[in-house]
Amino acid sequence: MALIGNGAQSEFQALAFHKHLGIEEIVAYDTDPLATAKLIANLKEYSGLTIRRAGSVAEAVKGADIITTVTADKAYATIITPDMLEPGMHLNAVGGDCPGKTELHADVLRKARVFVEYEPQTRVEGDIQQLPADFPVVDLWRVLRGETEGRQSDSQVTVFDSVGFALEDYTVLRYVLQQAEKRGMGSKIDLVPWVEDDPKDLFSHTRGRAGKNRIRRVA
């Protein structure tokens, strides 16, 4: 898998794909080399996961089965372009999450079967905001319920235009909390990192390697 953008979300994305989908090799790229170094250092204890640094987006995605973009630049960006696509690729476009912020060239979307969480919001905030309102998309929940197809052929390029919305976040957080309490797992951490900490390194806060056990008041 290629992981483009190695900031605050990167470790969590990498571990989710490793633990749940069996991804063993990740090629990482970020415009900030220190972010990639942070990612590699934080995940070095996972012996079954190899993370290799790439020198460019094009190098990172070459030959990848999956591309996950989690960038933070609030701009109409074209991080992934049509010439980078290969048959059968799947792209998770995670970073495009507000009006005026994209990661994929419009022609990448036109060449793919695109899946969304909640179409009305994705048309405003997702990568498909740059396309006409009648551009065809597939509701992910319909695939999960078996009401429609996912990938239609081995060579088809697919895109998950991930935006996220409050009800989805709340439902997942509530479920995780319930399961943690049932099993006596977890520990309390600061929801908002201290300003002297690296905002790109939220993963360390979950492992007790950053921040201090103090309550931070947010107005």
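What follows is a set of questions on those labels, each with its answer.

This is a predicted model: local features need pLDDT of at least 70, side-chain atom pairs count only at pLDDT 80 or more, and totals for chains, interfaces and linings use all residues. Residues are numbered from 1 along each chain as its sequence is written, and side-chain values use heavy atoms, with hydrogens and water left out.

Q: Why is F135 called buried?
A: Buried means under 20% relative accessible area, exposed means over 50%, and partly exposed is in between (1.4 Å probe, protein chains only). F135 has 11%, so F135 is buried.

Q: Which residues does F135 touch, not counting residues up to four places away in sequence?
A: Contact means heavy atoms within 4.5 Å. By that rule F135 touches L109, R110, V114, R123 and I128.

Q: What makes the pair of F12 and F203 edge-to-face?
A: Rings of Phe, Tyr and Trp (its six-membered ring) pair if their centres lie within 6.5 Å; planes under 30 degrees apart count as stacked, over 60 as edge-to-face and the rest as tilted. The whole structure has 2 aromatic pairs. In F12 and F203 the centres are 5.6 Å apart and the planes stand at 65°, so this pair is edge-to-face. The pair links distant parts of the chain: F12 is in helix 1 and F203 in helix 8, 191 residues apart. Helices (H or I, at least four residues) and strands (E, at least two) are DSSP runs, numbered from the N terminus.

Q: Why is the pair of Y118 and F165 called tilted?
A: Their ring centres are 5.7 Å apart and their planes stand at 40°, so the pair is tilted.

Q: What makes K38 and E11 a salt bridge?
A: A salt bridge is a side-chain nitrogen of Lys or Arg within 4 Å of a carboxyl oxygen of Asp or Glu. The closest N and O atoms of K38 and E11 are 3.0 Å apart. K38 lies in helix 2 and E11 in helix 1, so the pair ties together parts 27 residues apart in sequence.

Q: How many salt bridges does this rule give?
A: The count is 8. One of them joins E147 and R145, at 3.4 Å from N to O.

Q: Why does R145 count as exposed?
A: R145 has 60% relative accessibility, so R145 counts as exposed. E147 has 39%, so E147 counts as partly exposed.
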